[in-house]
Amino acid sequence: MAKVEDFFGIINTVNGIQDEQYDHLELLKHAIDAMANATYQSIYMIDYFKQEFLHVASNPLFLCGHTAEEMGQLGYDFYIEHVPAEEQAMLLEINEVGFQKFNDTPLGERKGCFMSYDFHISDGDTTFLVNHKITPFALADDGRAWLAMCVVSLSSHSEPGHIEFHKKGDAKYWEYSLERHRWIPKEAVTLRPQEKLVLSLSAQGYTVAQIADKMCRSVDTVKTYKRVLFERLNVKSITEALVTATNSGLI
C-alpha cells in the first residue's frame, strides 16, 4: 500500500513560495466553489509546496462520505483510504511520469497542459470509476507546478487507466502505456460541426426525429452521424459520447 510521502519527490518538489503569495488565494477558493455550484463535477486544488489539498469544493461525487473540510484535512491520505490498493501503484506511476512529461514541456506551454486518467474510488459500500483531470494553475519561479486544479467526473470507460497528456492547441496528444511504461503519441480526434450539433441537441433531450427536423436532415442521416460519431469516440451510447467528448475537451 502506498504512503503519502510516495507521492512527493524531486520530480514535483516546489521551493521558494512566500507566505504573501497565499494572500490572494481566498478569492480563488470562492471561484472554485462557484464553479462547483454550476456542475456535478468535483473540483479541488492541490498545493505542491505545502504538499496538501489547498481547497476542496463540496460536490459529493469525490468525497466518499466526507465533508469537504474532512477531505481537505485528509489530503493525499484520501487516495490511500479510498483507492483500491492495486490501483495505488498506478497512481504513483502516473504521478511520476506525468510530472516528468510536464517538466519536459517548454515553459511557455505548461499552463496549457492537462492530464486525464481513470481510477476507482470507494466509499466503503460502493466502488465506482472516475475520470480525474489535473492542470497547472500557478507555477513557481522555476516553472514547476505550485498549484494544480483537479476536476473529477464519472468515467465513460469500464476499466482504470486511459492515461492521456494533452497540450492546448496541439493536434496530437500522448497516451501512457502501463505495459510498456512509455508515452505514445496519438492523433487527437476532432468533431465535425454536424457531430457537435448532434451531441449538443442530444444533451438537450431531443429525439433523433427532432434532431433531424432541426438539422433539416433525414432521420437516417442523423442515425449515420451518430453511428460514425460512436465509432470515432469508441463509445456505445449517446451518454458515453457526451462524457467522452466533454472529458476530451471536444465540445
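In the predicted model, the charged end of Lys50 is placed over the ring of Tyr22, at 4.1 Å from the ring centre; such a placement requires NZ of Lys or CZ of Arg within 6 Å of the ring centre and within 35 degrees of the ring normal. Arg110 likewise lies over the face of Phe102, 5.5 Å from the centre of the ring. The model is a prediction in which local features need pLDDT of at least 70 and side-chain atom pairs count only at pLDDT 80 or more, whereas totals for chains, interfaces and linings use all residues. Residues are numbered from 1 along each chain as its sequence is written, and side-chain values use heavy atoms, with hydrogens and water left out.

A search of the whole structure identified 18 aromatic pairs, defined by ring centres of Phe, Tyr and Trp (its six-membered ring) within 6.5 Å, with planes under 30 degrees apart counted as stacked, over 60 as edge-to-face and the rest as tilted. Tyr44 and Phe53 form a tilted pair, with 4.9 Å between centres and 55° between planes. Phe53 also pairs with Tyr76; the ring centres are 5.6 Å apart and the planes stand at 50°, so this pair is tilted. The latter pair links distant parts of the chain, 23 residues apart: Phe53 belongs to strand S2 (residues 52–56), and Tyr76 to the loop between helix H2 (68–74) and helix H3 (77–82). Helices (H or I, at least four residues) and strands (E, at least two) are DSSP runs numbered from the N terminus.

Tyr44 is buried at 1% relative accessibility, as are Phe53 at 5% and Tyr76 at 4% (buried, under 20% relative accessible area; exposed, over 50%; partly exposed, in between; 1.4 Å probe, protein chains only). Ring pairs join these residues into a cluster whose members include Phe62, Phe78 and Tyr117.

Cys64, in the loop between S2 and H2, is buried, with a relative accessible area of 10%. Beyond residues up to four places away in sequence, Cys64 touches Phe78, His82, Ile121, Ser122 and Asp123 (contact, heavy atoms within 4.5 Å). The C-alpha atoms of Cys64 and Ser122 are 6.6 Å apart, although 58 residues separate them along the chain.

Arg144 occupies the loop between strand S4 (127–139) and strand S5 (145–154) and is partly exposed, at 22% relative accessible area. Apart from neighbours within four places in sequence, the contacts of Arg144 include Ile11, Thr13, Phe102 and Arg110. A polar atom of the Arg144 side chain lies 3.3 Å from the backbone oxygen of Thr13.

Note on methods. A polar contact is a pair of N or O atoms within 3.5 Å; within protein, one must be able to donate a hydrogen and the other to accept it, and residues adjacent in sequence count only if both atoms are side-chain atoms.
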